[in-house]
Number of protein chains: 2
Amino acid sequence: MTTSIGWEPQNPRMFARALPYATRHASTAVAFRGCACAAVRDNLRATAIAMEAPVATDDYYFDDLRVGMRFESGSHTITEAEIKAFAAAFDPQPFHLDDERARGTLFGGLAASGWHTAAITMRLMVDLGIPAGGLIGTGCEVSWPRPTRPGDTLRVFSEVLEITPSRSRNDRGTAVIRSETRNQNDEVVQQLTAKMVAFKRPRA
Amino acid sequence: MTTSIGWEPQNPRMFARALPYATRHASTAVAFRGCACAAVRDNLRATAIAMEAPVATDDYYFDDLRVGMRFESGSHTITEAEIKAFAAAFDPQPFHLDDERARGTLFGGLAASGWHTAAITMRLMVDLGIPAGGLIGTGCEVSWPRPTRPGDTLRVFSEVLEITPSRSRNDRGTAVIRSETRNQNDEVVQQLTAKMVAFKRPRA
């Protein structure tokens with residue numbers, strides 16, 4: 001059994017976006033207006049216009065987070081080849097590998113591994129911009145209310161639920177972020193509530 | 001940016017095991033003695049001896065699960081190349097991509113994406129044997145108490161915490177399975193508590 005995951009080669013411009021975030025949906029513009037940090041906002045806008053690698057938003061700190069802030073990612077359309085390649089490496093079960101055999105299963109047809117949906121979600125979040133110190137989760141709850149199918153276009157909608165300064169370490173805090181990964185029909189394929197590390201802006 | 005994930009090619013026998021599970025550790029033998037289903041046990045033993053693809057244990061049903069049952073997976077040694085390849089595709093942050101740049105971060109050196117650890121955990125669980133209908137999680141809690149490092153040898157230790165028949169569907173139930181992914185020093189790199197679908201044995 002020899003497989004490789006051809007991720008980028010299959011769609012090298014997968015994370016490039018045709019339109020700036022802020023103009024694509026009215027709701028996005030609202031989300032950005034809610035963002036206290038102009039530099040982050042500008043970085044994310046620039047990112048949205050023409051990028052294929054994530055941008056480190058080194059001026060985005062714990063201090064800049066507010067409960068209720070919302071973020072919307074770019075999108076990725078998942079292919080059948082990607083689903084099968086990821087599954088062959090990490091989750092080799094019939095319903096992730098073979099459309100014919102998938103029909104007689106709970107999924108009723110080829111579906112992506114939940115861990116594949118989670119990995120794509122992470123990529124879409126990272127591509128939105130990496131905060132100072134990194135986008136680092138210490139733990140999360142994740143559920144997959146419906147399958148991700150070949151051809152689905154995924155997008156991640158995140159909201160800051162809680163921000164808590166660390167009691168023991170002055171330089172950081174935690175943020176609880178809820179992220180929904182939705183397909184092109186606005187159906188939720190993954191719900192993720194993650195506890196993230198967030199670093200405070202260093203004092204001059 | 002062009003990357004591909006060379007998973008199998010880097011280590012084509014990564015999931016082959018030199019020894020049967022039941023003889024490798026005394027604790028494993030205990031776990032198997034706790035397993036009520038002889039066919040599953042035999043399948044898993046056969047699997048352990050010589051396999052490179054997962055085996056469907058179609059005689060392993062909801063009916064065979066018991067609270068307290070334990071399972072131990074085979075192992076996988078993760079390489080630096082695997083860590084970087086997964087990260088390039090799904091989690092392109094400096095501490096997952098570049099050892100030098102990783103040193104100044106929270107991780108203090110190159111570390112695998114948590115989603116990579118999760119994906120390897122899934123693969124190790126699938127390779128242990130797929131129950132009838134598949135190894136299907138509807139949701140889970142996951143945490144990463146310490147990083148997975150290049151060269152770490154990972155192994156998964158699972159225990160059945162709860163089994164609950166479905167109220168609405170006669171043919172299935174759910175099982176809550178807690179799985180610890182440990183490195184070669186027996187340190188826990190991931191804790192996973194997953195709610196799984198389990199199908200009942202069809203009535204003749």
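**Close-up views of a predicted two-chain model**

**View 1. Asp64(A) sits in the loop between strand 1 (56-57) and strand 2 (70-77) of chain A.** The model is predicted. Asp64(A) has a relative accessible area of 8%, so the residue counts as buried. A polar atom of the Asp64(A) side chain lies 2.7 Å from the backbone nitrogen of Tyr61(A).

**View 2. Met69(A) belongs to the loop between strand 1 and strand 2 of chain A.** Its relative accessibility is 3%, so Met69(A) is buried. Thr148(A) is 79 residues away from Met69(A) in sequence. In space, the two C-alpha atoms are 27 Å apart.

**View 3. Chain A is shown with its secondary structure elements.** There are 7 helices and 7 strands in chain A. From the N terminus on, their order is α-α-α-β-β-α-α-α-α-β-β-β-β-β. Of the 204 residues of chain A, 52% are buried. Consider the contacts in chain A between residues at least 6 apart in sequence: 71% of them join residues at least 24 apart.

View 4. The average pLDDT of chain A is 77. A score of at least 70 is reached by 72% of the residues. Over residues 1-53 of chain A, the pLDDT is below 50. This stretch still has 114 contacts in the model beyond near neighbours in sequence. Where pLDDT is low, the predicted coordinates should not be read in detail. For the model, ipTM is 0.76 and pTM is 0.76.

**View 5. Phe95(A) and Phe107(A) form one of the aromatic pairs.** A search of the whole structure finds 11 such pairs over all chains. The ring centres of Phe95(A) and Phe107(A) are 4.7 Å apart, and the planes meet at 45 degrees, so this pair is tilted. Phe95(A) lies in helix 5 (residues 94-97) of chain A. Phe107(A) lies in the loop between helix 6 (99-102) and helix 7 (114-127) of chain A. The pair therefore ties together parts that are 12 residues apart in sequence. Phe95(A) is buried, with a relative accessible area of 2%. Phe107(A) is buried too, at 16%.

**View 6. Trp115(A) and Trp115(B) pair across two chains.** Their ring centres lie 6.4 Å apart and their planes are at 45 degrees, so the pair is tilted. Trp115(A) is in helix 7 of chain A, and Trp115(B) is in helix 7 (residues 114-127) of chain B, so the pair joins the two chains. Both Trp115(A) and Trp115(B) are buried.

**View 7. Leu192(B) is placed in strand 7 (residues 188-199) of chain B.** Leu192(B) has 5% relative accessibility, so it counts as buried. Leaving aside neighbours within four places in sequence, Leu192(B) has contacts that include Trp115(A). From chain B, its contacts include Thr121(B), Met125(B), Cys140(B), Val142(B) and Ile177(B). Glu141(B) is another contact of Leu192(B). These two residues are 51 residues apart along the chain, and their C-alpha atoms are separated by 5.7 Å.

**View 8. Helix 4 (residues 80-90) of chain B is mostly covered.** Of its 11 residues, 8 are buried. Among them are Glu82(B), Ile83(B), Phe86(B) and Phe90(B). Cover for the buried residues includes helix 4 (80-90) and helix 7 of chain A. Chain B contributes strand 2 (70-77), helix 5 (94-97) and helix 7. Ring pairs also link Phe86(B) and Phe90(B) with Phe86(A) and Phe90(A) into a cluster.

**View 9. The charged end of Arg182(A) sits over the ring of Phe157(A).** The distance to the centre of the Phe157(A) ring is 4.0 Å. In chain B, the charged end of Arg182(B) sits over the ring of Phe157(B), 4.0 Å from its centre.

Notes. Residues are numbered from 1 along each chain as its sequence is written. Chains are lettered from A and ligands numbered from 1 in the order in which they are written. This is a predicted model: local features need pLDDT of at least 70, side-chain atom pairs count only at pLDDT 80 or more; totals for chains, interfaces and linings use all residues. Side-chain values use heavy atoms; hydrogens and water are left out. pLDDT is the predictor's confidence in each residue, from 0 to 100. Contact means heavy atoms within 4.5 Å. Helices (H or I, at least four residues) and strands (E, at least two) are DSSP runs, numbered from the N terminus. Buried means under 20% relative accessible area, exposed over 50%, partly exposed in between (1.4 Å probe, protein chains only). A polar contact is a pair of N or O atoms within 3.5 Å; within protein, one must be able to donate a hydrogen and the other to accept it, and residues adjacent in sequence count only if both atoms are side-chain atoms. Rings of Phe, Tyr and Trp (its six-membered ring) pair if their centres lie within 6.5 Å; planes under 30 degrees apart count as stacked, over 60 as edge-to-face and the rest as tilted. A charge sits over a ring if NZ of Lys or CZ of Arg is within 6 Å of the ring centre and within 35 degrees of the ring normal.
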